[in-house]
Each structure stands twice: as structure tokens, then as C-alpha cells.
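This report walks through one protein model, from confidence to local packing. Have the sequence and the coordinates open as you read.

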Amino acid sequence: QALYEKHKVLTYPRTDSRALPEDYIATVKDTLNALKETNYGEFARQILKENWVIPNKRVFNNTKISDHFAIIPTALEPKKLNEAEAKLYDLVTKRFLAIFFPAAELLVTTRITRVENEPFRTEGKVMVNPGWQVVYGKTAQHKPDSDTTLIAITPGKSITTEAIEVIANQTRPPARFNEATLLSAMEGAGKLVEHEELREAMRAKGLGTPATRAAIIEGLVSEHYIQRLGRELQPTAKAFSLITLL
């Protein structure tokens, strides 16, 4: 809210729209021109040079706009942002830039590696072209950043086994909600309803609105139905009593 009201560097924040008006192409180009001399300049210049801002229903679509369009940066230069505001501005600006880049290209790969003639199967993806992910620092040659990302190698190439480790594990229950995951669950709450008619009634509705969901959580905390323990939100005895009575 402060980035909108105090700094004017983001558009209206209380919306869940993910599209822009169809007549906003010129405004987007103006914003990209304003970003050319910032830390995001490399990407802004590339988008303008390649003419990637064109009519596209995935981005510019009046039918997907509710009260307000998607949150995007304005043409104003951000100044005197605190740490939290700077991180939020960075989050919105990178998403704004990435949406105009082409799709990332990955090869879904099954790799058989033989150690002492014993076959070991690895499944994952090999990055061919990072596309929009370059905005987030990805490259085609980057090191694996997860168990599903593989380095590109030539079939038949010899490799070195650096370590072998056998890990015994147990399944874990789902993690408790934190505020971010609870907000997401509230947005898509209708998907979890088993009753078919109720699920259809709640389809695309969820619980609350983008403007009220955080206040709903705060209300539950202030009424002692849930409590914050670290980053987690945990139900209290009062909450269990309420559910039992209901």
C-alpha cells in the first residue's frame, strides 16, 4: 500500500487481476523506457529492441480485469524505499519484465548412468533456453538448483562419481500454514470442497477478497483462534472447541 500511496512506484495494489487493459501497450512501453536506466535496464532494453510488447490476450485482456488491472511498476523512479518495500518492488518489477519474454525451453530427460555396470536412472529437465527465467538469473549453463534440474551432457560421456550416500527417510505430514500459504489456500479454497454443488458455487471465488483476506487472518489472531509461532500459524484450544461445537 505504501508503494502505491507514498512512493507512487506501483499501481493500485488491492486487486487479484493478472491482466492489463488492451489499450495499455503505449503505457507499458513508457514504463519500460523509464526502467532502461535502472538495475532492470538490460531486460527493459531487450524487450523494447525485440518488440515483444504487442497485442497479446495473455497479457492485454479486458475480460480478465475486475475492478483494477494487474499490479505493475509505474514510470516513477523508486527512491528511499526501506528493505521490505525494495524487495516488494523488485518482485513486482521482475514479474512485469518476465511476462514479455519468450517461454523457457527445457528438455524432459531420463538419463541412465552406469557405475560398475550398474544402471542408475535420473529423471529431470535440461535447460535449453532460459527465456523469461533469465530475468531471475537463470542461464542455459547454470548449475542444478533443484533435484529436477540436470546439467546438459553428451550421451556416452564419462563422469566422476564423487560420493555415494544412502539416506533413510520417513514421510512427513503437510507443513503448517504460514501467512503466505494460508492466503493462497483462501484464494483457491473452493477447489478443496468435496461436495460437488458447493464446490461449483465456490469455484473461482475462494474465501474473502484480495482486500480482506489479510484482515480475516488478523481477526482470527486477535480473537485467539490462531496464534503465530515463528512463521507458523497454529490453531488454539478455542479453535478446536469452536469446530467441535459447529
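**Confidence**

The model is predicted. Its protein chain averages a pLDDT of 89. At least 70 is the score reached by 96% of the residues. Where is confidence lowest in the protein chain, and where is it highest? The lowest mean, 78, belongs to strand 3 (residues 149-150). The highest, 96, belongs to strand 5.

**Aromatic pairs**

The count of aromatic pairs comes to eight. Two of them are set out here.

| Pair | Centre to centre | Angle between planes | Geometry |
|---|---|---|---|
| Tyr40 and Tyr89 | 6.3 Å | 65° | edge-to-face |
| Phe96 and Phe100 | 5.6 Å | 85° | edge-to-face |

Take the tyrosines: what does the pair of Tyr40 and Tyr89 tie together? Tyr40 lies in the loop between helix 2 (25-35) and helix 3 (41-49), and Tyr89 lies in helix 4 (residues 83-98), so the pair ties together parts that are 49 residues apart in sequence. Both Tyr40 and Tyr89 are buried.

Now the phenylalanines. Planes over 60 degrees apart count as edge-to-face. The planes of Phe96 and Phe100 stand at 85°, so this pair is edge-to-face. Phe96 is buried, with a relative accessible area of 4%. Phe100 is buried as well, at 6% relative accessibility.

Rings also group beyond pairs. Phe43, Trp52 and Phe101 form one aromatic cluster.

**Thr93 in helix 4**

Thr93 has its place in helix 4. Is Thr93 buried or exposed? Buried means under 20% relative accessible area. Thr93 has 0% relative accessibility, so it counts as buried. Leaving aside residues up to four places away in sequence, Thr93 touches Leu35, Tyr40 and Pro73.

**The hairpin**

How many bridges join strand 1 (residues 105-115) to strand 2 (residues 118-129)? There are eleven, and the two strands run antiparallel. Ile112 stands opposite Arg121, which is in strand 2. The hairpin has two residues between its strands. In this hairpin, Glu116 takes a positive phi near 55°.

Helix 7 spans residues 213-222. Its buried residues include Arg213, Ile217 and Val221. Why do these residues lie on the same side of helix 7? They cover an arc of only 85° around the axis, which puts them on that one side. What covers the buried residues of helix 7 includes helix 5 (179-187), strand 4 (226-229) and strand 5 (232-235). Strand 5 is also where confidence is highest in the protein chain.

Just after helix 7 comes a backbone feature: His224 takes a positive phi of about 65°. Then there is a charge over a ring. The charged end of Lys238 sits over the ring of Tyr225, 4.6 Å from its centre.

**Helix 8**

Helix 8 covers residues 237-245, and Ala237 lies in it. Is Ala237 buried or exposed? Exposed means over 50% relative accessible area. Ala237 has 59% relative accessibility, so it counts as exposed. Ala237 and Ala152 are 85 residues apart in sequence. In space, C-alpha to C-alpha, Ala237 and Ala152 are 53 Å apart.

How values were computed: Residues numbered from 1 in each chain as written. Predicted model: local features only at pLDDT ≥ 70, side-chain atom pairs only at ≥ 80, totals over all residues. Heavy atoms only, no water. Buried < 20%, exposed > 50% of the residue type's maximum accessible area, 1.4 Å probe, protein only. Helix = DSSP H or I, 4+ residues; strand = E, 2+ residues; numbered from the N terminus. Arc of directions from axis to C-beta. Contact = heavy atoms within 4.5 Å. pLDDT = per-residue confidence, 0-100. Phe/Tyr/Trp six-rings, centres within 6.5 Å; stacked < 30°, edge-to-face > 60°. Lys NZ or Arg CZ within 6 Å of the ring centre and 35° of its normal. Pairing = 2+ DSSP bridges.
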